[in-house]
Amino acid sequence: MGEYRTLDHTLIALADPTRRAILGRLAAGEARVTDIAAPFPISLNSVSKHIRLLERADLVRRRKRGREHLLALNPEPLGALAKWTQEQRALWAWRLGELDKVLTEERP
Amino acid sequence: MTTQTSRVVVTHHYAASPERVFDAFLDVQIARRFLFATPTGEMIVAEIEPRVGGRFTFTERRPDMGDVRHVGEYLEIDRPRRLVFTFGVPQFDPRTTTVTVEIQPKGEGCELTLTNDGVPPDYAKRNQEGWTRILAGLQPAYDGVHAAGWL
């Protein structure tokens with residue numbers, strides 16, 4: 001179930017408001033780690049931990065430019081989540097339609 | 001702090017009364033025909049304890065996965081308006097999600113809204129434009145950090 005493991009990493013990464021905020025920032029473009037960390041009332045070390053979870057989920061990729069670490073958003077894992085979510089919605093919609101059939105059949 | 005990541009919401013209009021639609025979720029003979037069904041599966045176990053704190057089990061035999069057992073607990077039963085229950089599939093994942101069913105009278109029948117919380121985020125579109133728009137929506141959270149004077 002490697003697919004679920006990947007989904008789990010994506011979900012864990014997205015489950016925290018700080019990490020979502022970091023992704024929101026990176027949606028606007030590549031940024032330095034220190035710039036990402038600046039607005040948060042937590043230590044650079046804590047922000048680095050958040051970034052590592054985002055990297056584990058492959059939502060964020062890092063490259064070096066000289067001594068700077070630059071972070072960029074990678075949207076690919078979101079596609080897998082989108083597919084999964086659409087499947088869930090389709091399934092519930094189908095079930096509610098099935099209920100409609102049952103009720104219609106049983107109508108006196 | 002919530003770890004909830006998002007929700008799936010589905011609505012459906014029924015010609016039947018709110019009471020009839022509501023009761024279908026707690027009547028095991030009706031519920032087994034739709035509630036945790038899939039298009040190709042066969043429901044082999046359906047058990048319901050229709051009270052707050054009561055539990056249910058629905059086991060479906062699926063051609064591709066074998067027997068899939070859904071278990072859950074009723075959190076709210078407010079006939080005919082609102083039904084809330086948890087469910088999970090322990091063989092795949094120890095976590096549960098929450099389903100809220102809300103029924104409003106509408107015309108001759110009713111409108112049902114089903115919300116499944118705790119499922120992956122609703123990234124409605126898979127294309128780049130879609131996720132950019134979604135992530136742009138996260139931006140206010142980041143700006144809010146500034147606004148709160150934490151800089």
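Axes are lines fitted to C-alpha atoms, for helices over the stretch in contact, and angles run from 0 to 180 degrees between N-to-C directions.

I also noted that this is a predicted model, where local features need pLDDT of at least 70, side-chain atom pairs count only at pLDDT 80 or more, and totals for chains, interfaces and linings use all residues. Residues are numbered from 1 along each chain as its sequence is written, while chains are lettered from A and ligands numbered from 1 in the order in which they are written.

**Entry 1: two helices in chain A**

I looked up helix H2 (residues 17-27) and helix H4 (residues 44-56) of chain A, which pack at an angle of about 70° with their axes 10 Å apart. H2(A) and H4(A) are therefore roughly perpendicular to each other. Helices here are DSSP runs of H or I with at least four residues, strands are runs of E with at least two, and both are numbered from the N terminus.

Which residues of H2(A) and H4(A) make the contact? I found Thr18(A), Arg19(A), Ile22(A) and Leu23(A) on H2(A), and His50(A), Ile51(A), Leu53(A) and Leu54(A) on H4(A). A contact means that two C-beta atoms, placed from the backbone, lie within 7 Å.

I set my burial scale: 20 or more other C-beta atoms within 10 Å of a residue's own make it buried, 12 or fewer exposed, and anything in between partly exposed, with C-beta atoms placed from the backbone.

Asp35(A) sits in helix H3 (residues 33-37) of chain A. It counts as exposed because it has 12 C-beta neighbours inside 10 Å. The C-alpha atom of Asp35(A) is 9.9 Å from that of Arg25(A), 10 residues away along the chain.

Asp58(A) lies in the loop between H4 and strand S2 (60-65) of chain A. With 14 C-beta neighbours inside 10 Å, Asp58(A) counts as partly exposed. I marked its positive phi of about 60°, as it is not a glycine. Most residues other than glycine have a negative phi, and most peptide bonds are trans.

**Entry 2: the hairpin in chain A**

S2(A) runs antiparallel to strand S3 (residues 68-73) of chain A, joined to it by 6 bridges. Strands pair if DSSP finds at least two bridges between them. S2(A) and S3(A) form a hairpin with 2 residues between them, and Gly66(A) in the turn has a positive phi of about 60°. Arg63(A) stands opposite Leu70(A) in S3(A).

**Entry 3: the sheet in chain B**

Chain B has 3 helices and 7 strands, in the sequence pattern β-α-α-β-β-β-β-β-β-α. I traced an open sheet of 7 strands with antiparallel pairing, in the order S1-S7-S6-S5-S4-S3-S2 (chain B). Strand S1 (7-14) and S2 of chain B stand at the edges, each with a single partner strand, so one side of each has no neighbour in the sheet. Neighbouring strands are turned by 20° against each other on average, direction ignored.

S6(B) and S7(B) pair in the antiparallel sense over 9 bridges, and Lys106(B) stands opposite Gly109(B) in S7(B). H1(B) packs on the sheet, touching S1, S2, S5, S6 and S7 of chain B, and its direction makes about 160° with that of S6(B).

I also stopped at the peptide bond from Arg79(B) to Pro80(B), which is cis with omega near -5°. Pro80(B) lies in the loop between strand S4 (66-78) and S5 of chain B.

**Entry 4: where the chains meet, and the core**

H5(A) lies across S1 and S7 of chain B, running at about 20° to S1(B). H5(A) has 31 residues and reaches 46 Å from its first C-alpha to its last, close to the 45 Å expected at 1.5 Å a residue; the expected span is 1.5 Å times one less than the number of residues.

Last, I asked which residues touch the most other members of the largest nonpolar core. Of its 26 residues, they are Val21(B), Phe25(B), Ala31(B), Leu35(B) and Leu112(B). Such a core is a set of buried Ala, Val, Leu, Ile, Met, Phe, Trp, Tyr and Cys residues joined through C-beta atoms within 7 Å. Helix H5 (76-106) of chain A is among the elements that give two or more residues to this core, and H1(B) gives the most, with 5 residues.

Technical notes:
Parallel < 35°, antiparallel > 145°, perpendicular 65-115°, else oblique.
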